[in-house]
Number of protein chains: 2
Amino acid sequence: MSIAVTILGSSSAKPTADRHPSAQAVNVNEQYYLVDAGEGVQQRLIRAGINPLKLRGVFISHLHGDHVYGLLPLLSTLGLYGKRTPLPIYAPRPFGEILEAHLRYFDTALPYEPQWHEVDTTANRIIFENDSLEVWSLPLRHRVPTSGYLFREKEPALNVSKYAIERYGLSIAQIVAAKRGEAITTADGEVVENSRITYRPYRPVSYAYCSDTNYSARLASMVEGVDLLYHEATYAADERRTARDRGHSTTVDAANVALKAGAGRLIIGHFSTRYKDLEPLLQQSREVFAATDLAIEGQTFTVTGQRHDKI
Amino acid sequence: MSIAVTILGSSSAKPTADRHPSAQAVNVNEQYYLVDAGEGVQQRLIRAGINPLKLRGVFISHLHGDHVYGLLPLLSTLGLYGKRTPLPIYAPRPFGEILEAHLRYFDTALPYEPQWHEVDTTANRIIFENDSLEVWSLPLRHRVPTSGYLFREKEPALNVSKYAIERYGLSIAQIVAAKRGEAITTADGEVVENSRITYRPYRPVSYAYCSDTNYSARLASMVEGVDLLYHEATYAADERRTARDRGHSTTVDAANVALKAGAGRLIIGHFSTRYKDLEPLLQQSREVFAATDLAIEGQTFTVTGQRHDKI
């Protein structure tokens, strides 16, 4: 029904006085997921009004410190908060070893289990799902194994319209059949196609997090039609070579991915500390893809699937 | 000549929206030292206007995460800044193993050497010195091996007063002898005692950092006469039992150490998240030791030895 992305950090490797390293809270129908966990993320969550105990899972793109240094302190604090339920953590290898070393030195007695799930950064596949959500891994092109993440709401179950129930006098058995997608036959022997009596209550929405990465046309096809795309733009357009050499993207690279993917909206972030004023970066992206915004810390970007209450 | 302590973090284990975990920058005659390094310390340094490259050494009290989680990201960032000179780090065991694991997973190629020096948390001894400064370890009483740190300026060398040089017509050789503390004999055969012609250009000052710890009368005697004392006060006076059980102190414990030590001034900090309003904590300490202040983040407390330019 909706996905809301709160920017907790928008800086690249070196923090600035105002910008923190990468982290986002992704709220899918009031279930929160943390995507990347740069230093200070636990305090960024608190400041954003998000109780860290509400996190249902953590997704780490890669094991450069600016994307993960905040996770271990957060795991400790969740212990102090008295968390009891396991916390799934999706991250590339060797996160398991890092976690083990951390627990050995700092938290021998956490009251809950941080559960590491290895992410294959070469595969584009579903790595997490529940009744209403799928999360896909997105192979990225960075200096170390890196995965983006695509959050995609599942197609909601069919509803049967109240109007159709009354008009055709549908029985419980007929309603159940219609929800399965079947046509029904009325008392008069009329066959009514399923599409005339059912509807999807909302359009599922999607969000893709793509950081850190070089420009990748393949990535654009993996996120085709995404409603909201976060794509790193570490550098301005004139630093194309630096971006390419360091496994990063420019503002124009990010916009080109959004354009090629047919994305609804684009957020750019992971800005190099060299850029004090971000407005020129925004303008560069907007020239290629107008619906671009800057990842400003504390801001929340929401995409909502239209409700279809009637047909 | 002066010691200036900038509070970078004043919270206990769990951070709040406004308070960061323990960290301080200690400036001794424009040489900076970091004392404890809670999460986010590199950004706190930047916000305080202190270039992290200026740090001459790091002193870690103990290996609870809220005192050390910010150090490893700082070490990484110093590498990105291009630091070349070694950084001495004083910390209890097993910091060496933690550092080694960190370098293995995150920074295989730092351009400088983080040099760990093991601190014996049972000994009260000099662990660092240069021409003008000594740093002493202070055994503390916490749940894990913990050391406080006493920064003590050395007694400055004797100066010979210009007045005496003129009055007695002192030769270079006599001035050198006077600087060594010797009496001199004038051309008239008069013996002039050293104390009549020399002076110390300033009074050396001292600062002690004591966190985390139970109340300790022994600690008070180890910091006797200290000019500025930071003593943890995790809990209010009415939580004496909780403080004792958890290896912490109350506001009154901290004030009693300052009183017993004959300290010049006291700063209390490491506040539990339960205290939103810190004013009552301040009043409790002040009832016992009037010259108490709260550790407010971003504030700098300076103690200066009086200059003696003339005698």
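Reader: Which residues form one aromatic cluster in chain A?

Author: In this predicted model, the cluster is made of Tyr33(A), Phe59(A), Tyr90(A), Phe128(A), Tyr149(A), Phe151(A) and Tyr207(A). Over all chains, the structure holds 22 aromatic pairs.

Reader: What makes Phe59(A) and Tyr90(A) an aromatic pair, and why is the pair called stacked?

Author: Let's take the two values in turn. The ring centres are 4.8 Å apart, and the cut-off for a pair is 6.5 Å, so Phe59(A) and Tyr90(A) count as a pair.

Reader: How do you know whether Phe59(A) is buried or exposed?

Author: Buried means under 20% relative accessible area. Phe59(A) has 0%, so it is buried. Tyr90(A), at 7%, is also under that limit and therefore counts as buried.

Reader: Why is the charged end of Arg104(A) said to sit over the ring of Tyr105(A)?

Author: Part of the answer is distance: the charged end is 5.2 Å from the ring centre, and the limit is 6 Å. The charge must also be within 35 degrees of the ring normal. In chain B, Lys83(B) lies over the face of Tyr112(B), 5.8 Å from the ring centre.

Reader: Why are β7 and β17 of chain B said to stand at the edges?

Author: The open sheet has seven strands in the order β7-β8-β9-β14-β15-β16-β17 (chain B), and its pairing is mixed. β7 (126-129) and β17 (292-294) each have a single partner strand, so one side of each has no neighbour in the sheet. From one strand to the next, the twist averages 20°.

Reader: What makes β9 and β14 of chain B a pair of strands?

Author: A pair needs at least two bridges. Four bridges join β9 (residues 147-153) to β14 (residues 206-210), so these antiparallel strands of chain B qualify. In one of the bridges, Leu150(B) has Ala208(B) of β14(B) as its partner.

Reader: Which residues of helix α9 in chain A are buried, and what do they pack against?

Author: In α9 (residues 251-261), they are Thr251(A), Asp253(A), Ala254(A), Ala255(A), Val257(A), Ala258(A) and Ala261(A). These buried residues pack against α7 (217-222), β15 (228-232), β16 (265-269) and α10 (279-288) of chain A.

Conventions. Residues numbered from 1 in each chain as written. Chains lettered and ligands numbered in written order. Predicted model: local features only at pLDDT ≥ 70, side-chain atom pairs only at ≥ 80, totals over all residues. Heavy atoms only, no water. Buried < 20%, exposed > 50% of the residue type's maximum accessible area, 1.4 Å probe, protein only. Helix = DSSP H or I, 4+ residues; strand = E, 2+ residues; numbered from the N terminus. Contact = heavy atoms within 4.5 Å. Axes fitted to C-alpha atoms, helices over the stretch in contact; angles between N-to-C directions. Phe/Tyr/Trp six-rings, centres within 6.5 Å; stacked < 30°, edge-to-face > 60°.
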